[in-house]
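Student: I am new to this structure. Can you take me through it in short steps?

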Amino acid sequence: MSGSYDDSVGVEVSSDSFWEVGNYKRTVKRIDDGHRLCNDLMNCIHERARIEKVYAQQLTEWAKRWKQLVEKGPQYGTVERAWCAFMSEAEKVSELHLEVKSSLMNEDFEKIKNWQKEAFHKQMMGGFKETKEAEDGFRKAQKPWAKKLKEVEAAKKAYHAACKEEKLAISRETNSKADPALNPEQLKKLQDKVERSKQDVLKTKEKYEKSLKELDNATPQYMENMEQVFEQCQQFEEKRLRFFREVLLEVQKHLDLSNAASYKNIYRELEQNIKTADAVEDLRWFRANQGPGMSMNWPQFEVDEWSADLNRTLSRREKKKASDGVTLTGINQTGDQVSQPNKHSSVSSYEKNQNYPTDWSDEESNNPFSSTDANGDTNPFDEDTSPAMEVRVRALYDYEGQEQDELSFKAGDELTKMENEDEQGWCKGRLDNGQVGLYPANYVEPIQ
């Protein structure tokens with residue numbers, strides 16, 4: 001019997017098999033993982049929706065900024081309209097991405113949230129009902145087999161210990177035979193020890209084989225019960241996997257703008273707008289509006305209208321001054337005949353009794369033909385030259401003054417507009433260093 005013993009038998013081989021006691025917990029954990037994966041998928045969709053929203057906002061801001069720059073810049077004609085078409089495209093695409101964001105949150109996100117709520121039921125003591133049912137099912141199916149397995153392990157341990165003891169007893173007996181100092185009584189004890197160890201080996205082996213046979217007989221039922229519980233977990237997981245596939249397909253449809261008719265129309269329209277750009281037409285327009293095709297008031301001999309207006313103004317003032325003294329002529333009335341006013345007649349008694357302001361003159365503000373300058377330097381028919389409201393503006397481009405009365409600045413510099421744009425497209429402004437001069441009106445934009 002001692003020859004059948006092997007030291008390697010006592011070494012336990014670790015196994016990661018599902019059938020090992022307690023290894024069903026990975027299947028149970030998969031149920032909890034399913035709930036967590038629902039949360040992960042919702043977070044994933046929520047972050048993508050936030051990206052779509054930010055992208056839409058950036059497109060809108062980009063389109064607004066560059067539309068203003070192009071419209072106020074030097075580009076003109078059909079190429080300007082083609083350039084601006086890109087900004088229109090961005091605005092329309094921005095609206096589509098906002099629709100994508102709404103679909104992701106209002107449809108896909110909510111669908112996952114509702115399914116998760118229906119599939120997983122929380123317990124008062126924590127955890128989910130589905131997890132507990134699976135745990136209880138596996139434990140119940142495995143308990144009888146695990147008990148017999150424990151008996152087998154104990155019997156195996158006892159059998160291996162008996163074999164080891166037998167081997168040691170035989171070794172002592174063999175060594176004692178070569179020892180002359182050992183008396184017969186001691187030798188007899190060693191021989192009895194060997195005999196008892198052999199009997200122990202037989203008994204433990206029989207018990208070990210019996211318990212192993214019982215375990216083998218219980219294994220088919222154990223496997224059937226475990227398969228049944230496992231299949232229930234598989235069905236639950238199959239529902240989740242199919243649901244995830246369905247949701248991901250819907251997310252793909254919402255994200256895929258290439259199949260949307262409105263998306264295709266945007267770029268079809270953009271292409272058409274770009275193709276309408278015509279260099280010949282733009283050059284013709286520039287020639288007619290900014291080049292030799294413009295009309296011109298060529299210099300001709302002109303009368304000094306300023307002197308004539310001044311003479312007429314002075315004449316009116318002299319006439320007014322001549323009538324500063326108020327004279328009321330006497331009126332003699334005989335029948336229906338009325339006498340002509342006498343230029344040399346004296347003021348009537350009525351006039352003598354009237355109190356007139358001693359400082360009255362045509363210089364009063366209520367005289368529309370009065371002049372504030374005794375030398376006639378101010379023309380009463382001149383337009384109101386009151387200064388316009390000053391406005392802070394920012395330079396869009398670099399500009400280098402060509403004349404002494406022109407300002408120079410860099411793109412991004414801020415200055416103050418003092419007068420509105422004239423007919424030639426120039427404005428009067430003041431730099432922050434106090435310099436005052438002219439600059440092109442389309443080179444700046446108001447500061448919001």
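Tutor: Start with a definition: two strands pair if DSSP finds at least two bridges between them. Keep in mind that this is a predicted model.

Student: Over how many bridges do strand 5 and strand 6 pair?

Tutor: Strand 5 covers residues 426-430. Its pairing with strand 6 runs in the antiparallel sense. The number of bridges is 5.

Student: Which residue in the turn of the hairpin of strand 5 and strand 6 has a positive phi?

Tutor: The hairpin leaves 5 residues between strand 5 and strand 6.

Student: What is the order of the strands in the open sheet?

Tutor: The open sheet has 5 strands with antiparallel pairing. Strands of a sheet pair through backbone hydrogen bonds. The order is 6-5-4-3-7.

Student: Which strands stand at the edges?

Tutor: An edge strand here has a single partner strand, so one side is left without a neighbour in the sheet. That holds for two strands, at 436-440 and 444-446. They are strand 6 and strand 7.

Student: By how many degrees are neighbouring strands of this sheet turned against each other on average?

Tutor: Direction is ignored for this angle. The average is 50°.

Student: Which residue is the bridge partner of V391 in strand 4?

Tutor: Strand 3 (residues 391-395) pairs with strand 4 (residues 414-419). The sense is antiparallel, over 4 bridges. In strand 4, the partner of V391 is K417.

Student: Which elements give two or more residues to the nonpolar patch?

Tutor: The patch lies on the surface and is formed by W62, W66, W83, F86 and I274. Together they have about 460 Å² of accessible area. The elements are helix 1 (25-72) and helix 2 (77-119).

Student: Is F86 buried, exposed or partly exposed?

Tutor: F86 is found in helix 2. Its relative accessible area is 36%. Buried needs under 20% and exposed needs over 50%. Therefore F86 is partly exposed.

Student: What distance separates the C-alpha atoms of K101 and R50?

Tutor: K101 lies in helix 2. K101 is partly exposed, at 27% relative accessible area. K101 and R50 are 51 residues apart along the chain. Their C-alpha atoms are separated by 7.1 Å.

Student: How many disulfides does the structure hold?

Tutor: A disulfide is a covalent bond between the sulfur atoms of two cysteines. C38 is buried at 0% relative accessible area, and C84 is buried at 14%. The number of disulfides is 0.

Key: Residues numbered from 1 in each chain as written. Predicted model: local features only at pLDDT ≥ 70, side-chain atom pairs only at ≥ 80, totals over all residues. Heavy atoms only, no water. Disulfide = S-S within 2.5 Å. Buried < 20%, exposed > 50% of the residue type's maximum accessible area, 1.4 Å probe, protein only. Patch = residues over 30% accessible without salt bridge, like charges linked within 9 Å, V, L, I, M, F, W, Y side chains within 5 Å. Areas by Shrake-Rupley, 256 points an atom, 1.4 Å probe, with all protein chains shown as cover. Salt bridge = Lys/Arg side-chain N within 4 Å of Asp/Glu carboxyl O. Axes fitted to C-alpha atoms, helices over the stretch in contact; angles between N-to-C directions.
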